[in-house]
Amino acid sequence: MSIRKTAINGLVATMLTSFAVASAPALAQDFPSEPIRIINAFKPGGATDTAIRGLTKNSDSVINQPIVIESVTGGGGVNGILKAAQAKPDGHTLLVADTVMTTLPLFQENLPVGMSDFKPVGVFNLRGAWLLTRPSKGWTSVADFAEAAKAAPGALTVGVPSLSSPQHLAVIAIEDAYGIDVNIVPYGGGAPTMGALLGDQIDAAMPGAPAGLDSVSAGDAVFLVASTDIELDKFDGEITSFTDVGIKHDVGIWTAIWAPKDTPDDIMQSLVSIFGTMAESTAWNEFARGYGVTPIWKPADEASTYIGTSADSMEKLAKLVK
Amino acid sequence: MEHLLSAFGNVLYPTNLALLFAGSTLGLLVGVLPGLSSPMALAILIPVAFGMEPVSAFMILIGIYVGTKTGGAFSAIMMRTPGTPAAAATAMEGYPMAQRGEAGRALSLAIGASFVGGTLSWLVAIPLVGVIGLYAVRISSADLAMIGILALAAVSSLSGQDFLKGLMAAALGLVLSTIGLDELSGTPRLTMGSYHLLGGIPFLPAIIGLFAVATVLVDASDGSIAKPPKVQNTGYTVLQVAKELWVMRKILAVATTIGSLLGVVPGVGSDTAGWLSFAYVKKLIASGRLKSDRKIGEGVPHGVAAPEAANNAVTGGATIPMLTLGIPGDGSTAIMLGALMLFGLQPGPLFFRESPDVAYGILVALGIANFTTLLAALMFTRPFVSILKVDRAILLGSVLVLALVGGYASSNTGYAMLIALLFGFLGFFMHHLGYSIPALALGLILGPVIESNFRRALLITRGDFWVFLTSPISLVCIILILAIGGKFCVDLLKKRKFQRL
Amino acid sequence: MKAGLRQEFSVLLIILAVASLVFWETRHYGEFTGGQISPGSFPRLAAGMMGVFAVLRASLLIAGMARPRVEERLPFSRDVLARPVAVAAAMSAFVFLFGTIPFFLLTLLFLIVVFFIFGVRPLTRLFLRAGLVTAVLYVLFSQILHIAA
């Protein structure tokens, strides 16, 4: 070989090696080696779907493999959750799910899968349920609402996106705190619930924020109370939460990413690092606030504790239902 | 007003227009293939749409949405297997027309009618943008339940050959729709312990099975399957189509109205619109008010035009509540809603005020999409008709794979594919025994809508059944249902013997 | 016409059996309680209606006010049923093997079998077409849509 060729080879080799060295960040070696699939157990376009897509929008600045969101619906979420649990625990298949993970077992027996089949990578956003009503009712606080409910037991109708959901449990919490009895009517989601409220078919609605935010801003709906301390940048006014009015329950709806329970620790670390970077990025923060959820980041063990506390309070509320 | 005009300028900008055209073409393709559906395509393309400006991204999404409504007719006419559930009614007369060598005519009519339906409903919806939303939410649960039952009764009575058999099929569809987790009480029903059934019978694979797979099975008995098909007359000019459509204008107007109205009602949508319009045409012919040299089932052109106009008219009705209230009318608009939120936009009462360029842009795109779809469809008619030169055997075999894999794709589970297969068998038996497949399909689709709204209505009034009579829409529906039933009894009494029941 | 009648009645009996099955499977649920319809009510209502319609039709048949029509019979002859059954078997195999055998291979085999059943001849044409369609479907489903392996 000529000297020139050797030199060029050497140069190329050096370049390649330095590239390799430079691009080996805190990630476990070669992870991820293929696209990361995140399974969503609910239909596309919903709150969880929007949240995870928003989070992973700019993933190409963090890892060089694409992140694909896959919708596996059915069985009230069981289908998707099960598929994720049965996937190879190599970190390339994950699950995105919110508080449904804690509420599903409360109302369903003999589930083939549950939280114990997963390890949380991290909790990345928080939203709450909020009680809304029409201006024509004349109520300005949850106390007004409770008063009206006391005067007409079982008559006031409150719409919720679905039964056995955190939103439903939040209404139960209000009932318990004020000793009232309202008629809870489930609709198939936050949007239809708001639709029913705007059409004056129900007296109040408790969807998951930020559903209905636009109606509140337009003056078509009135905010009464939120189930947890949420921050809604676009909301003009103060957010009173359960704790502010003395309701001792706190119902937060968090969304988390999960990995199958047998995922090895070093992969888990990489996942935490990857998603942590995305969750703490300005892009995500801006998006989340603009959309109306609170961006947070609680990785691994912190997430487990957080989720555990949430599960306990959900369980307590669930007992009040039957 | 200026917003509307500037939106026009925006949409008609060459790059956006090109994107809209690309979306329409893609939508046509998705519509043609039985295993693919509009929500599926939209969901897959959302990540792609991200890299663009919201208005441009929606050019593609809206293009696909409108395109699929027209594309479904292609396979319905040529293979009797609807590419999308909404086009199932088109196959009833479309396929016989193709059998007579009139595939070109049928396709042109379908394309033209789709264009008319979509554009008309859009033109009417634009000035009513603010109002439609307000009225949409006033439709109560009681109304929704009754609308669903009326649709079911109407289709049972008019499509399919025997009323009682049609009703039985519809009832079976309703029963099947209850399988799974009960939304209102959270308890599993009829699941026989299997957690697969916890999610119920997935709708898309079932439809694919009933219409696509069953058709192939039925045709398998046909000995002439491998022989070269009938020569198609492809010389059909735009002028001829326009003339034919003009003659049908009254029917098209009714069909468009049906579609627009049903589009606004959440959950009912384009599948029902197609069938109701077809039922309307059938009734006109049966009562002699529509003169045709052919009988129903032999290739009545109106039977192609009406459903196609209706299912395209749905787009206007379904998109408006999505934009003005954030309430989606069907699966596709639900995904578009999600896409809007991903862009950081909030559809609702303030949408048009806060993001006028996007809001009006989408609105305008919806209308222009009819034109781009028309163009794309016309370009594809020739090649598609020439596909018919291929052996039916090969077409059908391909349809089978498309159907089965498409069934799988709808939820990424093998269970979905099995459903497609099983419903294919069911469809085969139903076809031979004379039970109405459309009635079953509609029962399956409308079951959840009818039941949840029925129970919700009673929940709100705490058990008071009077609500069904006090709500005006509901009352009208009940009267119509009784009218249908009454007419049937009267016919029965008129002819004592050799009665078709 | 006897065979037609017999078939019609058998089908109606099956329908009644299905309706009864639904009633049996929903026996657990409570009854109507002030505003709350029990989850069993709607399935029973639908199944009940189905049964009623079946009985009505049976009565009309018996009363001679309705007759099963020739084209509404399941033809149990070998010629007519052979192909559909064969296709059904092929489809079942496809469904059960999906995922275990690579998509390309499975589809190719399936198409070859189905084309054969449908009578596509000569064999060279059959294999060619099968290969072509498989290639197109493979590109569509594996590469573009990432649905199958």
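**Exercise 1. State the surface and burial of chain A.**

Solution. Chain A exposes about 13,200 Å², and carbon and sulfur atoms supply 54% of this area. Such areas come from the Shrake-Rupley method with a 1.4 Å probe, and for residues only the protein chains shown count as cover. The model is predicted: local features need pLDDT of at least 70, side-chain atom pairs count only at pLDDT 80 or more, and totals for chains, interfaces and linings use all residues. Side-chain values use heavy atoms, leaving out hydrogens and water, residues are numbered from 1 along each chain as its sequence is written, and chains are lettered from A and ligands numbered from 1 in the order in which they are written. Of the 322 residues in chain A, 55% are buried (under 20% relative accessible area).

**Exercise 2. Describe helix 10 of chain A and test its length.**

Solution. Chain A has 12 helices and 11 strands (DSSP runs, helices being H or I of at least four residues and strands E of at least two, numbered from the N terminus). Helix 10 covers residues 265-279, 15 residues in total. The expected span is 1.5 Å times one less than the number of residues.

**Exercise 3. Locate the nonpolar cores.**

Solution. A nonpolar core is a set of buried Ala, Val, Leu, Ile, Met, Phe, Trp, Tyr and Cys residues joined through side-chain atoms within 4.5 Å. The largest one has 250 residues, and A:F124, A:F275 and B:F468 have the most contacts inside it. Helix 4 (residues 54-79) of chain B gives the largest share of this core, 15 residues. Another core, of 31 residues, lies apart from it and includes A:A149 and A:I180.

**Exercise 4. Trace the pairing of strands in chain A.**

Solution. Begin with strand 1 (residues 36-40): 4 of its 5 residues are buried, so this strand is largely enclosed by the rest of the structure. Strand 1 runs parallel to strand 2 (residues 67-71), with 5 bridges joining them (pairing requires at least two DSSP bridges). A:I36 has A:I67 as its bridge partner. Next, an open sheet of 5 strands shows the order 7-6-8-5-9 with mixed pairing. Its edge strands, strand 7 (183-186) and strand 9 (222-226), each pair on one side only. Within the sheet, strand 5 (residues 130-133) and strand 8 (residues 204-205) run antiparallel, joined by 2 bridges.

Technical notes. Buried < 20%, exposed > 50% of the residue type's maximum accessible area, 1.4 Å probe, protein only.
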